[in-house]
Amino acid sequence: MIVGLDVGTSKVICLVGEVLADGSLEIVGIGSHTSKGMKRGVVINIESTVQSIQRAVEEAELMAGCNIHSVYVSVAGSHVRSLNSHGIVAVKNGEVREEDIERVIDAAQAVPISSDQRVLHILPQEYHIDSQEGIKDPLGMSGVRLEANVHLISGAVNAVMNVEKCIKRCGLGVDGVILSQLASSQSSLGEDEKDLGVCLVDIGAGTSDIAVWIDGALHHTAVLPVAGDQVTNDISMALRTPTQHAEEIKIKYACAMSSMTSSDQMLQVPSVGDRQPRPITRQALTEVVEARYEEIYTLILDELRRSGYAERIPAGIVVTGGASLIEGATELAEKVFQMPVRLSLPDCAKGMSDIVDNPIYSTGVGLLVYGSKEAEVTTEVSKQTMSKTQIKREASILAPKEIGSSFNAAKAWQNVKHWFQSYF
């Protein structure tokens, strides 16, 4: 069993997945609970966050019929930093081995990082051997000089520790801390898109997370502190309605393109206090929503241009996350980015597809995919270690020290031949 815990700004989602014999992933349990202890990806109330995690985990345990002991958890927020780095080492013995790859990765991550930051991921992009570039797996190749380009992702120590503290107070262990958009990429992007060049935009409640993939590797990540909650606040202020009603109105009636609505559509807006609900046109609501979504997309486009990757993503933009479900959000994105845009649904797992085929679960499903790949690597390493130990043990049984040095095959054959001649 693998468990993914998406601790978001608006809700905590817990997914339980089972790795089947054929290597595929089946979701067997889902738990979800409203979150009020998080703001823009950062814990602001430990007790409230702990309660939300407990409720979501208990619900997932009940559905899956198992006890959860540890989880893979997502992390996001403006405290996340990323950079690309380069390392170079000399190849020992003229052939690249595991220790050479480890040394070049260590050399690439030897960059100054603030003391209040903690490294979350070291993701290799490509390797160079002498003058040969674009190598994905250099193991076993011949050469003298090995170089590596890697993408380093770090997060604020205190922010990450607070999330881990909330999980541990629920009696759970932490298998891994994974960047939210990295997890979402596992469930929302195709390998062909990653190879061609694509930008994932995960618009949640508190943050909009960006991940740029080129040549199958992650090249840029960023987190913007503007997302669905700002849309809700705009509706609340413009229509003079409480936040909880503004959220309901956004989910039911909001549209991000004014050209897709008409002034004939009317809706009732609850007022503050004992005042009577007021009628407004849906087009008036759309004008408020469209302005905020256009701002979000413009900030994302500015970030892509600043990073230099705006012209290197021919596969376009893939949007996911709960706030991407608003009607017209994809059409407005195409207008702002001037490139192809599609809405992504997580489709990397079996089971409960009628529930998890929703952008809200992109990060949760991605955590399961990430965890299953990590578990597969760990299992393979364990098998290799066990097989080596078994070979040594069998070798010691078949050729003990007392016999191994003095055993002579020719002499043994002569003895056997003499025995046969004596009795037959």
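1. At what angle do α6 and helix α8 (residues 282–307) pack, and how far apart are their axes? In this predicted model, the angle between α6 and α8 is about 145°, and their axes lie 9 Å apart. The crossing of this pair is right-handed. On the α6 side the contact is made by Gln230, Val231, Asp234, Ile235, Ala238 and Leu239, and on the α8 side by Leu285, Val288, Val289, Arg292 and Tyr293. Sorted by type, the residues of this contact comprise 8 nonpolar, 1 polar and 2 charged.

2. Helix α6 (residues 228–239) also meets helix α7 (residues 243–253), where the two axes come within 8 Å and cross at roughly 110°. The two helices are therefore roughly perpendicular to each other, and α6 passes α7 in a right-handed crossing. Here α6 contributes Gly228, Val231, Thr232, Ile235 and Ser236, while α7 contributes Thr243, Ala246, Glu247 and Lys250. The residues of the contact of α6 with α7 divide into 3 nonpolar, 4 polar and 2 charged.

3. As background to their spacing, an α-helix has 3.6 residues a turn, so residues three or four places apart point the same way.

4. Helix α4 (residues 180–188) is a separate matter: 9 of its 9 residues are buried, so this helix is largely enclosed by the rest of the structure. The buried residues of α4 include Leu182 and Ala183, together with Gln181, Gln186 and the serines Ser180, Ser184, Ser185, Ser187 and Ser188.

5. With a relative accessible area of 62%, Asn93 is exposed.

6. As for the protein as a whole, it has 13 helices and 18 strands, and 48% of its 424 residues count as buried. Among contacts with a separation of 6 or more, 66% are accounted for by residues 24 or more positions apart. The protein exposes about 21,400 Å², of which carbon and sulfur atoms supply 51%.

Conventions:
Residues numbered from 1 in each chain as written. Predicted model: local features only at pLDDT ≥ 70, side-chain atom pairs only at ≥ 80, totals over all residues. Heavy atoms only, no water. Axes fitted to C-alpha atoms, helices over the stretch in contact; angles between N-to-C directions. Helix = DSSP H or I, 4+ residues; strand = E, 2+ residues; numbered from the N terminus. Parallel < 35°, antiparallel > 145°, perpendicular 65-115°, else oblique. Left-handed = near helix turned anticlockwise from the far one by under 90°. Contact = heavy atoms within 4.5 Å. Nonpolar A, V, L, I, M, F, W, Y, C, P; charged D, E, K, R; others polar. Buried < 20%, exposed > 50% of the residue type's maximum accessible area, 1.4 Å probe, protein only. Areas by Shrake-Rupley, 256 points an atom, 1.4 Å probe, with all protein chains shown as cover.
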